[in-house]
Amino acid sequence: MNTREAIEWTEEMVNLLRQNYQIETNEQLAQRFGISTRTLRRKAKSLGLTKSEPVTKTKQIEELVRDMYPNHSLNEIAAEANISWRTVRRMANQMGLTRTPEEESRMRSRIRTNLIRSERRRITFGLEQRTNMKLVCNVERIQLRHKLKGAGYIVFKGDNTIYYPLELKRHPIREEHGRKVGLTFAPWCPPAVI
């Protein structure tokens with residue numbers, strides 16, 4: 001018993017096939033029609049359709065690499081094309097693609113900026129950094145913490161509470177600036193010795 005269902009080709013489907021057979025891959029067209037590539041090839045053959053230049057996945061990837069190469073890294077292109085960065089590099093070399101120093105600089109700057117933003121978001125949400133980049137999230141707060149430490153305040157790394165010894169001459173203006181940038185102040189009570 002034959003379990004295959006016959007595909008009813010409408011005039012609209014045939015016209016669509018004729019219009020797009022030269023410019024789309026068989027996989028794309030078969031997916032659009034909801035049929036197998038074998039059925040599509042059979043119909044194209046019965047209509048006398050042939051591809052003057054094969055439209056393959058490789059050709060589409062080559063176009064993507066050519067378009068993205070001046071402004072994107074090999075890893076970005078590889079992720080978009082779903083191939084390895086080594087394949088992207090090989091294809092770019094075969095096509096003779098190069099970047100100007102300005103394009104290279106812009107691309108590296110954009111990637112670094114995106115990486116810094118990503119790492120800062122991770123720090124903001126209390127996650128570990130993925131890189132060893134030194135990130136300064138709040139320069140004003142860091143400078144103020146340093147000044148307060150130099151003035152005799154007790155500053156612990158990673159803690160936003162600044163402690164002051166009871167005998168310390170306090171600096172109310174600096175403390176007010178500290179409160180504005182998210183620092184809190186508390187008296188220092190040394191731990192009891194048992």
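I started at Ser-73, which sits in the loop between α4 (57-68) and α5. The model is a predicted one, so I am reading computed values throughout.

**Entry: Ser-73**

Is Ser-73 buried or exposed? I looked up its relative accessibility and found 14%, so Ser-73 counts as buried, given that the cut-off for buried is under 20%. I then asked which residues Ser-73 touches, leaving out those up to four places away in sequence. The list is Arg-99, Met-107, Arg-110 and Ile-111.

**Entry: Asn-71**

Asn-71 is also in the loop between α4 and α5. Its relative accessible area is 39%, and I noted Asn-71 as partly exposed. With residues up to four places away left out, Asn-71 touches Met-107 and Arg-110. Met-107 and Arg-110 are also among the contacts of Ser-73. I then checked a distance across the chain. Asn-71 and Ile-173 are 102 residues apart along the chain, and their C-alpha atoms are separated by 48 Å.

**Entry: Asn-82**

I moved on to the loop between α5 (74-81) and α6 (85-95), where Asn-82 lies. What is phi of Asn-82? I read a value near 60 degrees, which is positive in a residue other than glycine. Most residues other than glycine have a negative phi. I also looked up the accessibility of Asn-82: at 67%, the residue counts as exposed.

**Entry: the whole chain**

I stepped back to the fold. The chain has 9 helices and 3 strands. From the N terminus on, I read the order as α-α-α-α-α-α-α-α-β-β-α-β.

Buried residues make up 28% of the 194 residues. Among contacts with a separation of 6 or more, 43% come from residues 24 or more positions apart. The accessible surface is about 14,600 Å², and carbon and sulfur atoms hold 50% of that. For charges, I found 36 positive and 22 negative, with mean positions 6 Å apart.

**Entry: aromatic pairs**

How many aromatic pairs does a search of the whole structure find? I got 5. I looked at Trp-9 and Phe-33 as one of them. Their ring centres are 5.5 Å apart and their planes stand at 70 degrees, so I logged the pair as edge-to-face. Trp-9 lies in the segment before α1 (11-20) and Phe-33 in helix α2 (residues 26-33), so the pair ties together parts that are 24 residues apart in sequence. Phe-33 is buried, at a relative accessible area of 15%.

Then I took Phe-156 and Trp-188. This pair is tilted, with 5.8 Å centre to centre and 45 degrees between the planes. Phe-156 lies in the loop between β1 (154-155) and β2 (161-164), and Trp-188 in the segment after β3 (184-187), so the pair ties together parts that are 32 residues apart in sequence. I checked cover on each side. Phe-156 is partly exposed, with a relative accessible area of 37%. Trp-188 also counts as partly exposed, at 26%.

Which residues do ring pairs link into a cluster? I wrote down Phe-156, Tyr-163 and Trp-188.

How values were computed
Residues are numbered from 1 along each chain as its sequence is written. This is a predicted model: local features need pLDDT of at least 70, side-chain atom pairs count only at pLDDT 80 or more; totals for chains, interfaces and linings use all residues. Side-chain values use heavy atoms; hydrogens and water are left out. Helices (H or I, at least four residues) and strands (E, at least two) are DSSP runs, numbered from the N terminus. Buried means under 20% relative accessible area, exposed over 50%, partly exposed in between (1.4 Å probe, protein chains only). Contact means heavy atoms within 4.5 Å. Accessible areas come from the Shrake-Rupley method with a 1.4 Å probe; for residues, only the protein chains shown count as cover. Lys and Arg count as positive and Asp and Glu as negative; His and the chain ends are not counted. The place of a charge is taken as NZ of Lys, CZ of Arg, CG of Asp or CD of Glu. Rings of Phe, Tyr and Trp (its six-membered ring) pair if their centres lie within 6.5 Å; planes under 30 degrees apart count as stacked, over 60 as edge-to-face and the rest as tilted.
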